[in-house]
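Hi everyone, thanks for making time this morning. I'd like to walk you through a few local features of one model, so please have a look at it first.

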Amino acid sequence: MHSNRPKATSDTSAIVRLYGAFLVVAITVGALVTAVTLRNKEIEDWRHHLDSMSYMLTEHTSQTVFSAFVVLDAITDRVRQMGVQDEAEFRQKLSTVEMHQLLREKIQGMAQLDVASLIAANGDNINFSRAYPVPRMNLAERDYFKAHRDQPKLGDYISTAVRNKGNGKWTFYVSRRLDDAQGRFLGLVLVGLSVDAFTGVYGRLIETLGDGASISLYRGDLTMLARAPHQDDLIGRVNHSGTIHRVIAERGEQDAVVLADTPRFSDGIGNLRLTAVRKATRYPLVVSLVVPSTIFLAGWKRSVVLIAGMSLLSIAFVIAGIGALSRTSRRRAQSEHELRESEAKFHTMVDGATDWEYWIRPDGQVHYMTPSVLQFTGYRAEEFERQLGLIATRIHPDDRDLWRQQGQEAAAREATPVPAGQPLDLRIVHRNGSQRWVSHVNRPVHGSDGRYLGQRVSMRDITERKASENEILQLAYYDALTGLPNRRMFLDRLGHALATTERNQTHSALMLLDLDHFKKLNDTQGHDVGDRLLVEVAQRLALAVREVDTVARLGGDEFALMLDGLDPDEPTAAHQAEQVAEKIHALLNQPYALNEAIDDHRSSPSIGMTLLCGRGTPLDVLMKQADVALYQAKDAGRNAIRFFNPAMQAAIDARIAMENALRQALVLGQFQLYYQPQVDATGWRTGAEALIRWSDPVRGMVPPDRFIPLAEETGLIVEIGQWVLDTACAQLAQWATDPALRDLQISVNVSARQFHQSDFVERVRRSLAASGANPERLMLELTESIVIDRVEEVIDRMEQLSVVGVKFSLDDFGTGYSSLSCLKRLPLDEVKIDRSFVRDLVDDSNDAAIVQAILAMSHSLGLRVVAEGVETLAQRDFLLNRGCETFQGYLFGKPAPIAQWAASGHSRSVARVSPLEA
């Protein structure tokens with residue numbers, strides 16, 4: 001037995017060594033597999049990232065080039081409208097200073113556009129935006145000129161980039177051939193795009209990626225137009241051998257993200273890199289985004305170093321442990337201790353990972369979670385182990401449904417081991433309320449026997465990547481100066497609005513707005529001041545509309561607005577749109593403080609509008625309609641609002657004309673007061689009601705029902721009501737000097753808007769004091785709509801005036817909704833029966849009953865009753881027999897100017913009027 005001990009020890013040592021060798025191999029293989037897997041995952045993540053970035057860059061590039069084509073279209077349309085017949089006429093009409101001003105105006109405010117030119121058939125530059133008169137210059141040898149001259153059917157052409165001899169900047173041109181009616185070559189329209197407009201955005205993105213990255217813009221034939229970082233010797237070169245050539249020219253693909261180590265196009269040096277290539281859909285342009293391995297594998301290399309360190313450390317401890325076991329069994333305990341320390345160190349290094357990783361068992365318990373959770377959520381792993389629902393609370397509420405859905409999909413795959421699902425981008429809410437974007441991956445975990453062990457979740461912080469994507473989105477869809485949506489986004493929202501109006505059978509309104517004389521401000525004060533005005537206008541427009549509406553800057557000083565959710569009725573919708581337009585018009589006419597030297601700048605807008613409902617009218621037609629209306633506003637002298645619809649425009653013009661005339665009527669004294677007598681039971685005049693009339697020199701005598709509602713709507717009723725009150729008080733003061741008239745009273749109608757003015761009581765007192773009229777002869781007529789609104793305030797104001805002697809009458813009683821309890825509280829002196837009850841009271845039992853009830857109630861409250869609209873003796877007798885003692889109507893006299901309204905008689909200082917005299 002003793003002799004067998006060495007063999008047994010030898011066998012045990014061999015097994016231990018074999019087991020140790022297996023462990024070393026397993027650790028090494030595991031480290032290699034992990035490194036390869038991490039590398040592939042890192043490359044794949046960067047593929048998706050670069051694919052998204054290339055899409056955003058291509059959209060931004062297309063949007064920038066689109067502005068050049070917009071200008072190209074505008075100039076081409078103007079040239080065609082001139083109807084040029086031959087080359088001589090082409091030179092004559094297109095070399096004028098007016099055409100030069102048009103060229104300057106079209107590129108004004110667009111920093112990406114360098115120049116706009118008109119080229120004759122022999123290559124002479126006959127007009128361009130930079131200077132006038134035009135310096136002598138022949139461009140016949142330029143590639144774009146030769147291309148258009150030799151290929152009549154070429155279409156629009158994008159040139160190679162050239163350096164500007166004046167300022168040293170690079171520019172490439174978009175050009176279009178112009179022919180006469182017979183197809184003969186007349187010349188070119190040319191718009192230059194500054195390469196800086198592209199490289200500026202590219203450069204900012206390169207800064208976020210790191211050294212070695214580059215972004216290039218190529219023409220369709222792969223001639224380089226722009227690059228960041230800039231490299232002069234590459235501009236104008238054709239890519240015959242690089243990755244972009246293989247993707248676009250050889251394979252014919254529209255976009256791709258390629259991993260390659262072929263020689264680089266810029267320097268011919270081969271190194272591993274990711275190249276994202278994407279061809280623009282609208283223009284013959286290609287964008288290339290190149291990222292070297294020093295950037296996209298930087299994180300992986302750090303992980304590899306960490307894995308290698310952990311693996312080497314683990315191997316070292318395994319070897320040490322195996323050596324100890326093979327040397328002596330006495331040191332077995334020590335070896336086991338060292339192995340436990342090795343495991344602890346291994347976990348220490350794993351726990352240092354920056355990603356948040358956790359393993360959830362099938363019963364929902366947390367099996368393992370990395371300490372990095374503290375940085376992500378502000379909670380420790382132990383808190384998640386104690387509170388099973390804590391993970392769900394850390395997911396942003398808006399992303400929680402998608403998160404649960406991904407978990408359910410992973411659980412549904414528990415039957416068979418499958419790869420991880422697609423990453424889900426969602427937001428994590430920290431304990432302190434801050435948010436971070438993470439890439440969330442959920443995968444099922446299975447044991448060696450295929451048994452489902454739960455789910456393993458990985459979250460990687462992608463907040464910086466999301467910020468970069470949002471910046472690119474902002475550049476593609478928003479105006480850089482004002483922050484408003486640009487033309488692209490506005491047209492997209494306009495298309496959605498058409499679909500909404502068709503579905504809901506409502507209207508929307510499209511409004512185009514230009515700032516009058518903006519070019520003059522730019523030319524005299526500089527573009528900085530002009531830009532400040534544009535920003536201020538954008539802010540005012542945003543405040544003037546609702547959140548559902550859209551305000552956009554289309555370019556230069558041109559803004560567009562879309563008003564959603566207007567009334568289904570077309571005239572009502574037009575009126576709503578007009579009110580918004582007038583609000584904007586007034587807002588933009590307010591002074592602007594642009595700098596310390598200009599603190600009271602005045603600017604005015606010209607506004608063109610059109611209504612839209614459904615998708616029957618194309619977007620471009622709607623834009624042209626609004627543009628036509630805008631030009632109508634400019635032709636009308638600017639600072640005006642115009643509708644495209646002629647009928648609606650005529651109605652708006654009439655209303656505006658009426659409002660302006662109404663304002664002038666106050667200034668020019670075109671209002672008159674007519675007086676209708678009020679008589680007692682014996683036919684003696686006791687007073688009169690003052691009724692306003694408008695004598696317009698153009699419209700003639702305008703009835704009150706035509707201008708009073710407009711005055712109420714515009715607020716002019718306050719000034720008009722004050723004029724009526726002042727004039728009536730002055731008339732009372734004049735009657736006071738005549739013994740035959742001094743006891744007469746005058747009733748004055750007061751509008752709700754006038755009565756609820758905060759200084760109404762003081763205004764009445766001032767009118768009485770200024771005229772010297774007796775307050776006891778002034779009767780203020782209030783409608784029921786006034787007294788039922790803010791009852792306590794109404795009673796207080798009535799009592800203040802009653803103290804000085806002013807009387808109050810409730811006009812048109814019975815037509816409103818005032819309650820008897822409210823009526824009992826009011827300090828009234830008189831009630832007036834509305835003419836609608838008097839008209840048929842002789843024949844209509846209902847009207848007769850209502851009138852009798854009003855008389856009975858008024859007498860019980862001690863109120864005088866005046867019947868309005870008495871036109872026949874039968875009406876007068878009916879009312880008189882039932883206790884009514886005061887009458888007003890055509891039977892006793894029509895309203896008349898004071899010069900025709902005469903009082904005669906001697907008894908009680910009032911004049912007797914026979915009903916037959918009326």
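Let's start at a helix end: Asp844 caps the N-terminal end of α29, with a side-chain oxygen 2.8 Å from the backbone nitrogen of Asn846. That is a polar contact, meaning a pair of N or O atoms within 3.5 Å; within protein, one must be able to donate a hydrogen and the other to accept it, and residues adjacent in sequence count only if both atoms are side-chain atoms.

Some housekeeping: this is a predicted model, where local features need pLDDT of at least 70 and side-chain atom pairs count only at pLDDT 80 or more, while totals for chains, interfaces and linings use all residues. Residues are numbered from 1 along each chain as its sequence is written, and side-chain values use heavy atoms, leaving out hydrogens and water.

Back to α29, residues 845-860. Helices here are DSSP runs of H or I, at least four residues, numbered from the N terminus. From first C-alpha to last, the 16 residues of α29 reach 22 Å, close to the 22 Å expected at 1.5 Å a residue; the expected span is 1.5 Å times one less than the number of residues. Buried residues in α29 are Asp847, Ala848, Val851, Ile854, Leu855, Met857 and Ser858, where buried means under 20% relative accessible area, exposed over 50% and partly exposed in between, with a 1.4 Å probe and protein chains only. After the helix comes Gly862, with a positive phi near 75 degrees.

Now, which residues have the most contacts inside the largest nonpolar core? They are Leu118, Phe172 and Leu217, in a core of 76 residues. Helix α1 (residues 5-81) gives the most to this core, with 14 residues. A nonpolar core is a set of buried Ala, Val, Leu, Ile, Met, Phe, Trp, Tyr and Cys residues joined through side-chain atoms within 4.5 Å. Apart from this core lies another, of 75 residues, including Val794 and Cys884.

Finally, the second largest cavity is lined by Val201, Arg204, Leu205, Thr208, Glu471, Ile472 and Leu475. The elements giving two or more residues to that lining are α5 (196-209) and α14 (463-477), and α5 has the largest share, 4 residues. Asn470 also lies in α14. Asn470 and Met56 are 414 residues apart in sequence, yet 9.5 Å apart in space, C-alpha to C-alpha.

Terms used
On a 1 Å grid over the protein atoms alone, a cavity is a set of points where a 1.4 Å probe fits but cannot get out, and a pocket is an open set with protein on both sides within 12 Å along at least five of seven lines; lining residues have an atom within 4 Å of a point.
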